[in-house]
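Please look at the sequence and the model before reading on.

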Amino acid sequence: MAYRNAALIFCLLMLTACFDEGKTETEQLESYHTALEKWRRINQQNLLESLNLLKETTNKYLDGKVTRVTWQNAWIQAHRRWLENSSLGFVSELDQIDAWPIAPGFLDSIVGYPQTGIINDISLNISSQILRQQHQITDSREVSLGFHVLEYYVFARPEADLHGKDEPCSRRRILVGLVAEMLLLDVSQMLRNPEHQREPLLEKMLNRTHTLLSEFNRIGEHGQFSESSLANISVPLQSMKKLTQKPVDLSNYLTGLDKELTKVFLSSLYEAIDLLDSPSGLSEASSSRLLLLLSSLSHNLEDFLRLSERRSIAKT
């Protein structure tokens, strides 16, 4: 496995060197930024399409027109698209979009407490305004918006709770439909705001590796209802891998900063992906190794960021 990764990395570095032969540094940077911007637009459009599909599938499920498995697949696809974009720095981390962990009892009845949650508080009308007011109102786990509210109802709540004829069932259907609609709205509004694009890509990637370390230490919480915790680590790493390849070809930019450091970074990235993709899953030994690799990626990106800042200062 290590030999295969080394060979792939060597070929990748050789190809980028050949591809940019004869180009000035300015031309290489312009080509890189142009490709990155195009890739960003494509990924953001894919995200919006998946969220629109999730909204439509949610409504169809509530109307009894699609199966729960279809609804679950729509959620998984949309959340993966979100993870891809956030790991590439193409979207911002906003609490109302991907807040976790959540407290199910804040939303609805739970075992032993049949009258808890927004659903059973008849003094609260189920509306977009109320859901925004209630979101994290006194605690970060009091989540009423975003992916993981939907995840709870898509994967964990009994189907009968959404298809019954009593008032709680009716309120649940309204809440779930609104959350799916507001998720699409919030992401759409965020993408129209250029503010989140200003942070340099390397800095965004560095921040993302810090998040991955936190995810690793809390495996089982993010995506607990869909049992997708490892995807919250593997999908961002796969996205970083794509970013190093064409058409963006970040590896070429990194090689220009430090060739040897780029080799170390790519080797750690590829090995971490292999560990997560292992059919046998993570053992105690491979989990320890993965933690070291994630730490290495974070340190590598810190070094790249410093080198990039020095280059910018030298040009001024």
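**Overall picture**

The model is a predicted one. Its secondary structure consists of 15 helices and zero strands. Of the 316 residues in the protein, 49% are buried.

Two packed helices are described by the angle between their axes and the distance between the axes.

| Pair | Angle between axes | Axis distance |
|---|---|---|
| Helix 3 and helix 8 | about 155° | 10 Å |
| Helix 12 and helix 14 | roughly 140° | within 10 Å |
| Helix 3 and helix 12 | about 50° | 8 Å |

Helix 3 covers residues 68–87 and helix 8 covers residues 147–156, and they pack at an angle of about 155°. That angle makes helix 3 roughly antiparallel to helix 8, because angles over 145 degrees are counted that way. The crossing of these two helices is left-handed. On the side of helix 3 the contact includes Trp71, Trp75 and Trp82, and on the side of helix 8 it includes Phe147, Tyr153 and Phe155. By class, the residues of this contact are 11 nonpolar, three polar and two charged.

Helix 3 also packs against helix 12, with the axes 8 Å apart. Helix 3 and helix 12 are oblique to each other, and their crossing is right-handed. From helix 3, the residues His79, Arg80, Leu83, Glu84 and Ser87 take part; they meet Ala231, Asn232, Val235, Pro236, Ser239 and Met240 of helix 12. This contact has five nonpolar, four polar and two charged residues.

The axes of helix 12 and helix 14 (residues 259–277) cross at roughly 140°. This makes helix 12 oblique to helix 14. Helix 12 passes helix 14 in a left-handed crossing. Among the residues in contact are Ile233, Leu237 and Met240 of helix 12, with Phe265, Leu269 and Ile273 of helix 14. The contact of helix 12 with helix 14 divides into 10 nonpolar, three polar and two charged residues.

**Helix 12 itself**

How far apart should the ends of helix 12 (residues 231–244) be? At 1.5 Å a residue, its 14 residues should span 20 Å, and the end C-alpha atoms are 20 Å apart, which agrees. Helix 12 is mostly covered, with 11 of its 14 residues buried. The buried residues include Ile233, Val235, Leu237, Met240 and Leu243.

**Two residues**

Met240 is placed in helix 12. Is Met240 buried or exposed? Its relative accessibility is 1%, so Met240 counts as buried. Apart from neighbours within four places in sequence, Met240 is in contact with Ser87, Leu88, Met205, Arg208, Thr209, Leu212 and Leu269. Met240 and Leu266 are 26 residues apart in sequence, and their C-alpha atoms are 9.8 Å apart in space.

Asn120 belongs to helix 6, which covers residues 117–120. Asn120 has a relative accessible area of 16% and is therefore buried, since buried means under 20%.

Note on methods: Residues numbered from 1 in each chain as written. Predicted model: local features only at pLDDT ≥ 70, side-chain atom pairs only at ≥ 80, totals over all residues. Heavy atoms only, no water. Axes fitted to C-alpha atoms, helices over the stretch in contact; angles between N-to-C directions. Helix = DSSP H or I, 4+ residues; strand = E, 2+ residues; numbered from the N terminus. Parallel < 35°, antiparallel > 145°, perpendicular 65-115°, else oblique. Left-handed = near helix turned anticlockwise from the far one by under 90°. Contact = heavy atoms within 4.5 Å. Nonpolar A, V, L, I, M, F, W, Y, C, P; charged D, E, K, R; others polar. Expected span 1.5 Å × (residues − 1). Buried < 20%, exposed > 50% of the residue type's maximum accessible area, 1.4 Å probe, protein only.
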